[in-house]
Amino acid sequence: MVKMTRSKTFQAYLPTCHRTYSCIHCRAHLANHDELISKSFQGSQGRAYLFNSVVNVGCGPAEERVLLTGLHAVADIYCENCKTTLGWKYEHAFESSQKYKEGKYIIELAHMIKDNGWD
């Protein structure tokens, strides 16, 4: 009996001419460097980056969590290719000073790698 395996394809490929971030586990593209907002965030497993938009990620259900900056409604995000949890999406910020995070994404450094043109 021959076992057929399907090759993995990503939903979106980012242009190779731009610096990108990819999943460290399967190398699926996650974000373009131009979408990076801040490098000064803290995830559950260490440092994390805040992005305006991401690709190839799925989103879980939103839940309220008390983070370092207060109460937020967040949804875990995961790599669509390998299903690794990468960080979260800010769905709602309860404090007015944190509203800028709504609709933005946190990806932990432990789960991403720099790709394309970082020399």
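**Salt bridges, cores and surface**

Arg-65 is partly exposed, with a relative accessible area of 22%; residues count as buried under 20% relative accessible area, as exposed over 50% and as partly exposed in between, with a 1.4 Å probe and protein chains only. The model is a predicted one, in which local features need pLDDT of at least 70 and side-chain atom pairs count only at pLDDT 80 or more, while totals for chains, interfaces and linings use all residues. Residues are numbered from 1 along each chain as its sequence is written, and side-chain values use heavy atoms, with hydrogens and water left out.

The side chain of Arg-65 meets that of Glu-63 in a salt bridge, at 2.7 Å from N to O; the term denotes a side-chain nitrogen of Lys or Arg within 4 Å of a carboxyl oxygen of Asp or Glu. Glu-63 is partly exposed, at 41% relative accessibility. Together with Asp-76, Glu-63 and Arg-65 are linked in a network of salt bridges. The count of salt bridges under this rule is five. One of them joins the side chains of Arg-27 and Asp-115, with an N to O distance of 2.5 Å. Arg-27 lies in the loop between E1 and E2 and Asp-115 in strand E9 (residues 112–115), so this pair ties together parts that are 88 residues apart in sequence. Asp-115 is buried, with a relative accessible area of 11%, whereas Arg-27 is partly exposed at 42%. Glu-102 and Lys-99 form a further salt bridge, their closest N and O atoms being 3.4 Å apart. Glu-102 has a relative accessible area of 27% and is partly exposed; Lys-99 is also partly exposed, at 35%.

The protein contains zero helices and nine strands, these elements being DSSP runs numbered from the N terminus, helices of type H or I with at least four residues and strands of type E with at least two. Of its 119 residues, 43% count as buried. Contacts between residues 24 or more positions apart make up 47% of those with a separation of 6 or more, a contact being heavy atoms within 4.5 Å.

The largest nonpolar core has 17 residues, among which Cys-23, Leu-30, Phe-51, Val-54, Leu-86, Ile-107 and Met-112 touch the most other members. Strands E1 (20–23), E2 (29–32), E4 (46–51), E6 (70–79) and E8 (105–108) each give two or more residues to this core. A second, separate core of seven residues includes Phe-41, Ala-48, Leu-50 and Tyr-90. Such a core is a set of buried Ala, Val, Leu, Ile, Met, Phe, Trp, Tyr and Cys residues joined through side-chain atoms within 4.5 Å.

Cys-23 lies in strand E1 and is buried at 0% relative accessibility. Apart from neighbours within four places in sequence, Cys-23 is in contact with Ala-28, Leu-30, Cys-79, Cys-82, Leu-86, His-111 and Ile-113. The C-alpha atoms of Cys-23 and Val-57, 34 residues apart along the chain, are separated by 10.0 Å.

Lys-104 lies in the loop between strand E7 (85–93) and E8. Lys-104 is buried yet has no salt bridge, and the nearest side chain of opposite charge, that of Glu-102, is 8.4 Å away; Lys and Arg count as positive and Asp and Glu as negative, with His and the chain ends not counted. Residues up to four places away in sequence aside, Lys-104 touches Ile-37, Leu-50, Phe-51, Asn-52, Trp-88, Lys-89 and Tyr-90.

Two residues other than glycine have a positive phi. For Asn-56 the value is near 60°; this residue lies in the loop between E4 and E5 and is buried, with a relative accessible area of 5%. For Lys-83, in the loop between E6 and E7, phi is about 70°.

On the surface, Val-66, Leu-71 and Phe-94 form a nonpolar patch with about 280 Å² of accessible area together. Patches consist of residues with over 30% relative accessible area and no salt bridge, like charges being joined within 9 Å and nonpolar side chains (Val, Leu, Ile, Met, Phe, Trp, Tyr) within 5 Å. Val-66 is part of strand E5 (residues 57–67) and is exposed, at 70% relative accessibility. Gly-70, in strand E6, is buried at 14%. Beyond residues up to four places away in sequence, Gly-70 touches Arg-65 and Glu-95.

Notes: Accessible areas come from the Shrake-Rupley method with a 1.4 Å probe; for residues, only the protein chains shown count as cover.
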